[in-house]
Amino acid sequence: MFVPVTGGAINGNLYLNSTIITHGIIETSNIITTPITANTNFDVITQSVQYFTANAASNTTLNIRGNSETSLNTYLSTGNSTSVVLMFTNGTGNTYFPNVIQIDGTPITPKWQGGTTVTSGDANAIDVYGFTVIKTANSTYTVLASQTKFA
């Protein structure tokens, strides 16, 4: 029997013994027309992409959290992960980047793709930073990070 379902949320487990057909998954992006600030909160509950379209004027401390009321530690169970993308533009001569990464306000050292810590952004480019945060225990995370230049 086919039962169409629209809207709403499933809180808990859903077990199916049939075929699931999905039509596109949309990720929530936040397009910001101002430069990235010295302190940037990334609220994973309400977005998966932040894109700052104006040229950066400083490095940023990136704080990944659930949102202003919910810590990432509360939002994720041990063994859960979330992936986020931070994009921002650097102008001529600017090489700004997220120089401090935090989870719920606590600094963390990510493992960077290729094994080399990022120490600058790219002038005249859009830098895209991807972060996968894996909760391994209470308030304990492995963060995998990458940087890609688009010019």
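Reader: Is W112 buried or exposed in this structure, and how is such a label to be read?

Author: Relative accessible area decides the label: under 20% is buried, over 50% is exposed and anything in between is partly exposed, with a 1.4 Å probe and protein chains only. W112 has a relative accessible area of 10%, so this residue is buried. The model is a predicted one, in which local features need pLDDT of at least 70 and side-chain atom pairs count only at pLDDT 80 or more, while totals for chains, interfaces and linings use all residues. Residues are numbered from 1 along each chain as its sequence is written, and side-chain values rest on heavy atoms, with hydrogens and water left out.

Reader: How many aromatic pairs does the structure contain, and what counts as such a pair?

Author: Rings of Phe, Tyr and Trp (its six-membered ring) pair if their centres lie within 6.5 Å; planes under 30 degrees apart are stacked, over 60 edge-to-face, and the rest tilted. The count by this rule is three aromatic pairs. In one of them, the ring centres of W112 and Y129 are 6.5 Å apart and the planes stand at 80°, so this pair is edge-to-face. The pair links distant parts of the chain, with W112 in strand β8 and Y129 in strand β9, 17 residues apart. Here a strand is a DSSP run of E with at least two residues, and helices are runs of H or I with at least four; both are numbered from the N terminus. Y129 is buried, at 0% relative accessibility.

Reader: At what angle do the ring planes of W112 and F131 stand?

Author: Their planes are at 70° and their centres 6.1 Å apart, so W112 and F131 also form an edge-to-face pair. Since F131 lies in strand β9 and W112 in strand β8, the pair ties together parts that are 19 residues apart in sequence. F131 is buried, with a relative accessible area of 1%. One aromatic cluster is formed by F88, W112, Y129 and F131.

Reader: In what order do the six strands of the open sheet stand, and when do two strands pair?

Author: Two strands pair if DSSP finds at least two bridges between them. The six strands follow the order β1-β3-β5-β9-β10-β8, and the pairing is mixed. At the edges are β1 (29–32) and β8, each pairing on one side only. Strand β8 runs parallel to β10 (residues 140–150), and two bridges join them. W112 has A145 in β10 as its bridge partner.

Reader: Which strands form the four-stranded sheet?

Author: That open sheet has the order β2-β4-β6-β7, with mixed pairing. Its edge strands, β2 and β7 (106–107), each pair on one side only. Five bridges join β2 and β4 in the parallel sense, and D43 stands opposite R65 in β4.

Reader: How many salt bridges are counted?

Author: Side chains of opposite charge can pair when their charged atoms come close. A salt bridge requires a side-chain nitrogen of Lys or Arg within 4 Å of a carboxyl oxygen of Asp or Glu. The count is one salt bridge. R65 forms a salt bridge with D43, and their closest N and O atoms are 2.5 Å apart. R65 lies in strand β4 (residues 60–65) and D43 in strand β2 (residues 39–43), so the pair ties together parts 22 residues apart in sequence. R65 is buried at 18% relative accessibility, and D43 is buried at 15%.
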